[in-house]
Amino acid sequence: MTLFEQITDFENLHRAYLGARQCKRYRFSILKFGRRLEENLLSLQKELQGKTYKHGKYREFVVSDSKKRTIRAAPFRDRVVHHAVCRAIEPIFDKGFIYDSYACRKGKGTHAAVRRLESFLRSLKTKAKGRRLYCLKCDVSKYFDNVDHELITKMIRRKIPDKDLLWLVGEILESHKQGIPIGNLTSQLFANIYLNELDYFVKRTLREKYYLRYMDDFLILGLDKKRLHESKELIRKFLREQLKLELHPKKAEVFPADKGVDFLGYVIRGNKRFLRKSTVKRFLKKKRRLEAMVRNNVLSEQSWENSRASWRGYAKFADSHKLLEKLGQSLW
């Protein structure tokens, strides 16, 4: 059975449907699809196998957390296809990713990345012998908007030279004219495949041991400040020439690690793990807004509790006892 046949197999499409509806099963579009589930899956299978499948239009909305981002949500039947594709090809690519790539991978995530950073810092401190420890921290400018369709297709073809699969990948890519849309499950995988090229450049060419990446945020630790500055310029050149990407002009810097390393919402300083102040302020602002929505019956108490529970989990991962005590009953 080819990979394309695996993707379009009815059992795989059914499992993809279950994955796509997870935690969202009571939304209207999902209930509508599920009402005639077998009929809809057979129709989707026929379109895929006959190559008459066309990706639907996206619904756009803006999310504001640390910055404003435009999210593009695909129709539910297309999300089923995204899950079906990822179920088949993600294990193949994941084997080739470096250990210290942490975004959208099983057994990884933000907490694992922060723990790895702390491990790197402890390891380097034992080698420092009084020398200062430095961090190069970078961010790719408008990453998802600038992933090149031709390059990502070549990267996938190198690993999977299946013409039928590449046709389907092309349908998904061309559903969004430039870059890859934040919101697609396939975009998360494609984004990791694309920057895996950078990972190997840093590890094999620059030979940097203390490197880790979470999507388009990455950092390198070292004891040689000059070398880190040189590495930054070599990375800038590699991204520009090989991947058609640019480092963020204001988010690519070398600084002393003892001042605190701000990464994925946490600040690591000494042996402590703190919450980023801007994140706390943003939550308190959101908290007041959501409480008002509950009072006005615009938001359910359960939705507000889900939001609080999510933030408690984020806060408890840091050394935040005093903050949680200060927030007190309103948070719990």
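Author: Buried means under 20% relative accessible area, exposed means over 50%, and partly exposed lies in between (1.4 Å probe, protein chains only). This is a predicted model, where local features need pLDDT of at least 70, side-chain atom pairs count only at pLDDT 80 or more, and totals for chains, interfaces and linings use all residues. Residues are numbered from 1 along each chain as its sequence is written, and side-chain values use heavy atoms, with hydrogens and water left out.

Reader: What makes S187 buried or exposed?

Author: S187 has a relative accessible area of 2%. The limit for buried is under 20%, so S187 counts as buried.

Reader: Which residues does S187 touch?

Author: S187 touches F144, I180 and P181, not counting residues up to four places away in sequence. Contact means heavy atoms within 4.5 Å. S187 itself lies in helix α9 (residues 185-205). Helices (H or I, at least four residues) and strands (E, at least two) are DSSP runs, numbered from the N terminus.

Reader: How do you know how many disulfides the structure holds?

Author: A disulfide is a pair of cysteine sulfur atoms within 2.5 Å. The sulfur of C135 is 8.6 Å from the closest cysteine sulfur, in C138, so the two are too far apart for a bond. The structure holds zero disulfides.

Reader: Are C135 and C138 buried or exposed, and what makes them so?

Author: C135 has a relative accessible area of 0%, so C135 is buried. C138 has 1%, so C138 is buried too.

Reader: What makes β4 an edge strand?

Author: The open sheet of four strands has the order β4-β5-β3-β6, with antiparallel pairing. β4 (211-214) and β6 (247-256) each pair on one side only. Two strands pair if DSSP finds at least two bridges between them. Four bridges join β4 to β5 (residues 217-222).
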